[in-house]
Every structure is written in C-alpha cells, then in structure tokens.
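Dear colleague,

Please find below the structure that I am handing over to you. My notes on its contents follow directly after it.

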Amino acid sequence: MATIFSKIAAGEIPCYKVAEDERYFAFLDINPMAKGHTLVIPKHEVNYMFDLDEEEYAGLWAFARKVAMALEQAVPCKRIGVAVLGMEVPHCHIHLVPLQTEKDMKFGNKVNVPAEEMQAIAEAIAAKM
Ligand code: 5GP
C-alpha cells in the first residue's frame with residue numbers, strides 16, 4: 001500500500017507543496033516545529049534512507065540542499081537545521097527546519113501556523129527555487 005507521502009507526491013492528498021522534480025518532492029510539515037518546517041522525500045517509496053542506492057541517496061541530499069537554500073531566503077532564520085528520523089512515516093524524508101535557536105529543533109514542538117500563512121510560506125520558498 002502506498003505511504004501517505006507517496007499519496008501526497010502523487011497529488012492524491014493535499015499538501016503545501018514547495019518544490020518537485022522528476023524524482024524528489026518537498027512540502028511543508030503539517031505539524032511544523034518551526035515556521036517553514038519542510039520535508040523532502042524521494043518519490044520512489046523507500047522506508048529507510050540508508051536503503052536508497054548511492055545515486056538516489058546523493059540526489060535526495062542535493063535536492064534537499066536546493067530547498068534549504070530557498071528556505072533560508074524565504075523564512076528569516078539563522079540557519080536550517082536538518083534531521084532524519086522516520087519513526088512515524090515509513091517513507092524516508094529529510095526534515096529542514098529554520099532555526100533561530102537550537103530550541104526550535106525539538107521534536108514534539110508544535111507551532112500553530114494558520115492555513116493561509118502555510119500557503120504563503122510554501123509559495124515564498126517555491127519562488128526562491
Ligand atoms: P518522522 O517519521 O520523521 O518521525 O516524522 C514524520 C513527520 O511527518 C512529522 O513531523 C509529521 O508532522 C509529518 N507528517 C505526518 N503526516 C503528514 C501529512 O499527512 N502531511 C504532512 N505535510 N506532514 C505529515
């Protein structure tokens with residue numbers, strides 16, 4: 001069965017899309033720990049990141065780097081924090097989190113961002129890609 005992230009990348013479940021190419025997809029985390037919290041996935045469904053072949057693994061990080069550079073231009077921050085967990089959704093993904101302080105990178109943190117602002121943030125990042 002397709003993962004929720006595959007369904008998002010396929011457009012079957014809505015998301016605040018940030019960027020995509022033929023192989024990778026980026027969208028805002030629905031429960032952001034900081035404004036602009038973005039997830040980057042391979043469209044190819046693989047649970048554990050280190051099961052990606054070397055080429056796809058390198059491509060994923062190269063795509064995430066482009067997204068991170070756009071994200072830090074679109075969302076005021078000191079830097080972009082990066083994490084890989086995958087404890088909740090079995091489709092590998094990179095968390096990109098705009099940080100003001102290290103406390104912003106805390107799993108379990110939730111900031112409330114209204115839908116219109118989520119949309120505006122996604123569009124602002126997309127415009128910097
Ligand atoms: P992890 O698997 O790395 O522990 O966490 C999964 C992340 O995916 C969480 O930060 C969670 O908020 C996010 N997430 C889970 N379901 C959805 C969803 O349906 N849409 C979006 N945009 N994010 C999701």
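A polar contact is taken here as a pair of N or O atoms within 3.5 Å; within protein, one of the two must be able to donate a hydrogen and the other to accept it, and residues adjacent in sequence count only if both atoms are side-chain atoms. By this criterion, the side chains of His95 and His37 are joined by a polar contact of 2.8 Å.

Please note that this is a predicted model, in which local features need pLDDT of at least 70 and side-chain atom pairs count only at pLDDT 80 or more, while totals for chains, interfaces and linings use all residues. Residues are numbered from 1 along each chain as its sequence is written, and side-chain values use heavy atoms, with hydrogens and water left out.

The ligand site

His95 belongs to strand β5 (residues 94-99); helices (H or I, at least four residues) and strands (E, at least two) are DSSP runs, numbered from the N terminus. With a relative accessible area of 7%, His95 is buried, where buried means under 20% relative accessible area, exposed over 50%, and partly exposed in between (1.4 Å probe, protein chains only).

Which residues come nearest to the ligand? They are Leu28, Asp29, Glu88, His93 and His95, out of 16 residues around the ligand; a residue is counted as near if one of its heavy atoms lies within 4 Å of the molecule. In the side chain of Asp29, an N or O atom is 2.5 Å from an oxygen atom of the ligand. For His93, a polar side-chain atom lies 2.6 Å from a ligand oxygen, and for Glu88 a polar backbone atom is 2.9 Å from an oxygen atom of the ligand. Of the 520 Å² of accessible area that the ligand has on its own, the protein covers 87%; these areas come from the Shrake-Rupley method with a 1.4 Å probe, and for residues only the protein chains shown count as cover.

Helix α1 (4-9) and strand β2 each supply at least two residues of the shell around the ligand. The most is given by α1, with three residues.

The ligand sits in the largest pocket. The search ran on a 1 Å grid over the protein atoms alone, and a pocket is an open set of points with protein on both sides within 12 Å along at least five of seven lines. A molecule sits in a pocket if more than half of its atoms lie within 2 Å of its grid points.

Salt bridges

A salt bridge is a side-chain nitrogen of Lys or Arg within 4 Å of a carboxyl oxygen of Asp or Glu. The model has four salt bridges by this rule.

Lys17, Glu20 and Lys43 are linked in a network of such bridges. Within it, Lys17 pairs with Glu20 at 2.6 Å, N to O, and Glu20 pairs with Lys43 at 2.7 Å, N to O. The latter pair links distant parts of the chain, since Glu20 is in strand β1 (residues 17-20) and Lys43 in the loop between β3 (38-42) and α2 (54-74), 23 residues apart. Lys17 is partly exposed at 41% relative accessible area, as are Glu20 at 37% and Lys43 at 28%.

A further salt bridge joins Glu117 and Lys35, with their closest N and O atoms 2.8 Å apart. Because Glu117 lies in helix α3 (residues 115-128) and Lys35 in the loop between β2 (24-28) and β3, this pair ties together parts that are 82 residues apart in sequence. Glu117 is partly exposed, at 30%, and Lys35 is partly exposed, at 40%.

Other residues

Is Thr38 buried or exposed? Thr38, which is placed in strand β3, is buried at 0% relative accessibility. A polar atom of its side chain lies 2.7 Å from the backbone oxygen of Gly36.

Tyr16 is found in the loop between α1 and β1 and is buried, with a relative accessible area of 18%. Its C-alpha atom is separated by 15 Å from that of Val75, which is 59 residues away along the chain.

Arg79, in strand β4 (residues 79-83), is exposed, with a relative accessible area of 58%. Arg79 and Leu96 are 17 residues apart in sequence, and their C-alpha atoms are 9.9 Å apart in space.

With kind regards

Methods: On a 1 Å grid over the protein atoms alone, a cavity is a set of points where a 1.4 Å probe fits but cannot get out, and a pocket is an open set with protein on both sides within 12 Å along at least five of seven lines; lining residues have an atom within 4 Å of a point.
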